[in-house]
Amino acid sequence: MTLLTTHTADHVTTLTLNRPDTMNPLGASGDGDAFAAACDAINADMDVRCVILTGAGRAFSAGGDIKAMKERTGAFGGTAPEISDGYRNNIHKVLRALYGLRVPLIAAVNGPAIGLGCDLACLADMRIASDKAKFGVTFLKLGIIPGDGGTWILPRIIGEARAGELFYTGDVIDAATAQDWGLVSRVVEGEALMDEARMLASKVAAMPPHALRQAKNLIRQGRSVSYDTALEMAANTQALMHLTEDHMEGVDALMEKRSPKFTGS
């Protein structure tokens, strides 16, 4: 079954992991290409200003396909070099595609997000969770390590000590603990999750599209550059934003005490 479905409305694209019968596992042939195609299309479409990622059924994603691991098929089969290439050419494509999104990404975590599924959610800029959500990075319990770059992703979200606790014990935490640890920003009842995600996305989508993408880029680059470099990047980017019609619309709307209507010009 194709992993991903997409729907776009009101400047927001919703990406849904769509293997509900098996808790939306990842790693089947073509998963990386599906994500790459969807994210490339989003990046090329200036009408899209925000993305929501969620899962169909009762899980966000249970992570790697355990059945494929047992049978040593797909990305988990062959010699060591072949398995390594399977990660690079498929699973890593999924993660690189999401990480490369130029617009803000909201993970609406509707249920268990385990292993690769947890790391997928952690690539989002914002995470909200159903009260039925659970989070875990249980790789060591399977005798493997996070082959998806999770040791780079998770500590940046919740710090090394708490990330280490999850990695080294394989414990799974509930949504309330995830919120307490800063893994998600809010927890809502399951039935309200997508409404909450759409309301958040609509606020993001109301922002000027060029400035929105540039703000995300500056936040991302700020993780690894010096303050002086960040200031230089900000000055150069800001100069371009001052010359846009959306900037003048924002100024006029503030002075006229009305909501701005940004067009991407």
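Begin by selecting M23, which lies in the loop between β2 (12-17) and β3 (25-26); helices (H or I, at least four residues) and strands (E, at least two) are DSSP runs, numbered from the N terminus. The model is predicted: local features need pLDDT of at least 70, side-chain atom pairs count only at pLDDT 80 or more, and totals for chains, interfaces and linings use all residues. Residues are numbered from 1 along each chain as its sequence is written, and side-chain values use heavy atoms, with hydrogens and water left out.

**The loop between β2 and β3.** Display the backbone of M23, a non-glycine residue whose phi is positive, about 65 degrees. Next select N24, placed in the loop between β2 and β3. Phi of N24 is also a positive value, near 55 degrees, and N24 is not a glycine. Most residues other than glycine have a negative phi. N24 counts as buried because its relative accessibility is 0%, where buried means under 20% relative accessible area, exposed over 50% and partly exposed in between (1.4 Å probe, protein chains only).

**L183.** Move to the loop between α7 (175-180) and β11 (186-188), where L183 is found. L183 counts as buried, at 2% relative accessibility.

**A nonpolar surface patch.** Select L140, I145 and Y168, which make a nonpolar surface patch of about 380 Å². Patches of this kind consist of residues with over 30% relative accessible area and no salt bridge, with nonpolar side chains (Val, Leu, Ile, Met, Phe, Trp, Tyr) joined within 5 Å; a salt bridge is a side-chain nitrogen of Lys or Arg within 4 Å of a carboxyl oxygen of Asp or Glu. Accessible areas come from the Shrake-Rupley method with a 1.4 Å probe. Y168 belongs to helix α6 (residues 160-169) and is exposed, with a relative accessible area of 68%.

**The largest pocket.** Finally, select I66, M69, K70, R72, F76, I83, Y87, L142, I144, I145 and G147, the lining of the largest pocket. The elements giving two or more residues to this lining are α2 (66-71) and α3 (80-99), and α2 gives the most, with 3 residues. A pocket is an open set of points on a 1 Å grid where a 1.4 Å probe fits, with protein on both sides within 12 Å along at least five of seven lines; lining residues have an atom within 4 Å of a point.

How values were computed: Patches are made of residues with over 30% relative accessible area and no salt bridge: like charges are joined within 9 Å, nonpolar side chains (Val, Leu, Ile, Met, Phe, Trp, Tyr) within 5 Å.
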